[in-house]
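Hi,

Here's the structure I said I'd pass along.

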Amino acid sequence: MTYAASAFALAVGLGVASSGTASAVTATGCGASSAPVLESHPVTIWADNTNLGQIYLGWFPDCKGVYAEIHWTYGPSTPFNDNAGNSQNVEHPQGRLYMNDPNGHAIAYISFRLDHLDGSYTTTPVQSIYTNPAGQSYTNPKIFMPIVDLTNYSTDSEWHQNTTCNKTIFGNDHNFNNGAWGSGNYGDC
């Protein structure tokens, strides 16, 4: 199985294929001749025993551009009690998504705030794997990592709101020199 085929198989298995990576804010020439590709193993973000979503890197082969993305899960928009009398909360994630570049610098910031988990995507701008935002060349190895500074608020069926997460979560990194994948902190808050 080729690298691209195994990455796609992973994406299908995790439910982020074809719909994920599509909302990337593209740079000039990105996506003109190639579709975005899932580039790192997604890491599930958890808060208060709730799967908030998955953080990962995406990649445009035609422009050699990388970006970080979170695919948020679906959840209720109004808190309620289920048939067993358990409160089903509404999650309100907010924070900023960015990447660490090969020099360990934070780049490509984007802020977000969701009123509830809605299946949407939060995506950073695309960054060249060869040059930093100032136009200076990166040295090898070209390793990028998705990171989210996350605060999550949860609203229960009594309309009480509490903070269930306030943490920096690291996704899996990717080495563009040899294709190796590193490991994040698996998103527990």
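Asparagine 175 is in contact with Pro141, Lys142, Ile143 and Ala180, leaving aside its neighbours within four places in sequence. Keep in mind that this is a predicted model. Asparagine 175 sits in strand β13, which covers residues 174-175. Its relative accessible area is 10%, and because the cut-off for buried is under 20%, asparagine 175 counts as buried.

Next up is threonine 151, which you'll find in strand β11. Threonine 151 is buried too, at 16% relative accessible area. Its side chain makes a polar contact of 3.1 Å with the side chain of asparagine 166. Not counting residues up to four places away in sequence, threonine 151 touches His92, Pro93, Gln94, Thr163, Cys165 and Asn166.

Last, the nonpolar core. The largest one has 26 residues, and the members touching the most others are Ile45, Trp72, Phe144, Val148 and Leu150. Two or more residues of this core come from each of β2 (43-47), β3 (50-60), β4 (65-72), β7 (90-100), β8 (106-113), β11 (143-155) and β12 (161-170).

Cheers

How values were computed:
Residues numbered from 1 in each chain as written. Predicted model: local features only at pLDDT ≥ 70, side-chain atom pairs only at ≥ 80, totals over all residues. Heavy atoms only, no water. Core = buried A, V, L, I, M, F, W, Y, C linked by side-chain atoms within 4.5 Å. Buried < 20%, exposed > 50% of the residue type's maximum accessible area, 1.4 Å probe, protein only. Helix = DSSP H or I, 4+ residues; strand = E, 2+ residues; numbered from the N terminus. Contact = heavy atoms within 4.5 Å. Polar contact = N/O pair within 3.5 Å; in protein donor to acceptor, adjacent residues only side chain to side chain.
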